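Please study the sequence and the model before reading each solution.

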Amino acid sequence: MSDSGAKSGPEPSERTTIGITFGNSNSSIAYLVDDKPEVIANEDGDRQIPTILSYVDGEEYYGQQAKNFLVRNPQNTVAYFRDFLGKEFKAIDPTHNHASSHPQESGETVSFTIKDKAGEEEAASTLAVSEVATRYLRRLVSAATEYLGKKVTSAVITIPTNFNDKQKAALVAAAAAADLEVLQLISEPVAAVLAYDARPEAKIEDKVIVVAELGGTRSDVAVVASRGGMYTVLATVHDYEFAGVALDKVLMDHFAKDFMKKNSGAADPRENARNLAKLRLEAEATKRALSLGANASFSVESLADGIDFASTINRLRYETIARAVFEGLNRLVESAVKKAGLDVLDVDEVILSGGTSHTPRIAANLGNIFPQKTRILAPATDVTAINPSELQARGAALQASLIQDYEAEDIDQSTHAAVTTVPHVANAIGVISLNEAGEEVFVPVVQPETAVPARRTVHVSAPNGGDVLIKVVEGNTHIKVTKPEPKVKEDESKAAKVEDADDSDEDDSDFSDEEEEEEKREKVWKIGSTLAEAALKGVKKGGKVEVSITVGSDLSVIVTAREVGGKGGVRGTLTSA
Amino acid sequence: MEATVIPLPLPALPEGWEAENNFKAIGKITQEGATQRTLEPVGPYFLAHARRARHKRTFSEDDR
Ligand SMILES: Nc1ncnc2c1ncn2[C@@H]1O[C@H](COP(=O)(O)OP(=O)(O)OP(=O)(O)O)[C@@H](O)[C@H]1O
Ligand SMILES: [Mg+2]
């Protein structure tokens, strides 16, 4: 099928593709080496490249170099602009742009006024946010091109789940202006899931995954039903208050006060733009160091009034002063699970993605709200975790390599709603087995929220052999709560109560006795209506029965059962209602 | 996907159970039993799904 003149991207055979994550704070580029995604370091050696452009004497700087100019050249530095693409001025939140070039209204879009040319007499330019994005993307592409030694032509780029069509179109256009073909925009949480699923040791299973995308200016949580390697987003929540910069702020306030305490009479470094910028840069560095070590130093030359300042902080102290932010993140994750109509007991994995996910306390706190069996995939809680700062770019690179040989038109067709929007079964479909007590129990074969068509196969034991019944039923779960045995009330010994450190005088319920007598919550399957019965006769002793359930796109069901290693078997069909 | 192994045994066939071809169709999945949702068009398994959908192929045809 050739549709002449539709799109003018490169021929599939002429593409060089990469994956890009383009954040408000940082961006990354990745590509595949021997089927393994690798995040590329730019010419400065950075894999997390600050999403910042800065102009000094007509010279363009990007990434970490541009970030450093936030101290000396903030007015010609553009930062935190990704979320402005495709938006009108009145719809943006300029909070994070106070310390750099200010966004302004310009027609339907947002722009920045920057002196981007050399010479005193040159006037400043008004750059639309799309132009800023184009210039920045051009730098990313050229870094990748230099690294690969081949001109990068095409990319898969990750976007937040709440990007609307206008924002998507603006991003694609900004990339096109940078001579970059966007093969596909994929959502950030799904890129993270793909990065994990593509590991050679990964098993494709039906599971519910919570992806917490914790960045600098925003935290986004998605609940994803992962079914046979296909992903459906069940719910998303977004927050712009509890994210990395809020943690920076906590440390900035801490060290500013510390500075003033140790230098009586000195000015508040937060009251001068330049001092504030220094404070911010160093606070962020200290914060990152606290993800690795139990202590971190903070040191700024001439923090205020020409006074140098050096101090340290330990992790415990940091975790105390940052508690409100950490608790906000916990609530955000809990609200996402709730919005999906699920319980924490339904969640099999929590993937922590984004720079802030390096914070050990955040991972530990999430571990506490989910049951023991839920895997918390973060560096602090799982040694096999992938670097959270690399998940999105890796996922994008994997997707790019999967589709790079397709014609643009084929990609469009495959991502069209006619292909992607399909029925998902609401209930589980499974078979009846007998538990140790000989009671009937539901064994799920097809999990709820599985997209159809779907086929699942299980091997069920038939230890006694003979004639067995395969009863196919629907099922769903409920949470069974067992109240604790009322126990004899012990006398609360006042002496055992330890006074807390200075700033946490309110009662911390985590440490109260109530914890021990917590009610027990478990997820149990309930047997629903019967769909079919099948008989398999003459199974040999110690045999196994393979049951396969296929649900069609019209919700018809095909059941097959046969003895594993045996011949024949039964097959039946349920037509759709 | 690999078959999951279930250690709990299947019940024995009740005395007198009989059906043509050893199969009794009893219920069905109703439209209310399903929700329209959107699959993320990402990953190798989705691409296989899209291929089957676009060429109107079944799983077994796809296996061949
Ligand atoms: N090791 C670390 N420990 C703690 N925080 C870190 C660490 N590394 C990076 N961060 C923080 O992560 C945040 C940036 O996250 P990320 O790189 O995912 O950016 P992003 O997705 O562009 O952010 P945004 O939410 O602004 O779009 C910053 O606040 C940064 O300080
Ligand atoms: Mg992000």
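**Exercise 1.** Determine whether F84(A) and F112(A) are buried or exposed, and describe their ring pair.

*Solution.* Step 1: F84(A) is buried, as is F112(A); buried means under 20% relative accessible area, exposed over 50%, and partly exposed in between, with a 1.4 Å probe and protein chains only. Step 2: the two rings form a stacked aromatic pair, 6.4 Å centre to centre with 20° between the planes. Rings of Phe, Tyr and Trp (its six-membered ring) pair if their centres lie within 6.5 Å; planes under 30 degrees apart count as stacked, over 60 as edge-to-face and the rest as tilted.

The model is predicted: local features need pLDDT of at least 70, side-chain atom pairs count only at pLDDT 80 or more, and totals for chains, interfaces and linings use all residues. Residues are numbered from 1 along each chain as its sequence is written, chains are lettered from A and ligands numbered from 1 in the order in which they are written, and side-chain values use heavy atoms, without hydrogens and water.

**Exercise 2.** State how many aromatic pairs the whole structure holds, and classify the pair of F81(A) and Y136(A).

*Solution.* Step 1: a search over all chains finds 12 aromatic pairs. Step 2: the ring centres of F81(A) and Y136(A) are 6.2 Å apart and their planes stand at 75°, so this pair is edge-to-face. Step 3: F81(A) counts as buried at 0% relative accessibility, and Y136(A) counts as buried at 0% too. Step 4: ring pairs link F22(A), Y62(A), F81(A) and Y136(A) into a cluster.
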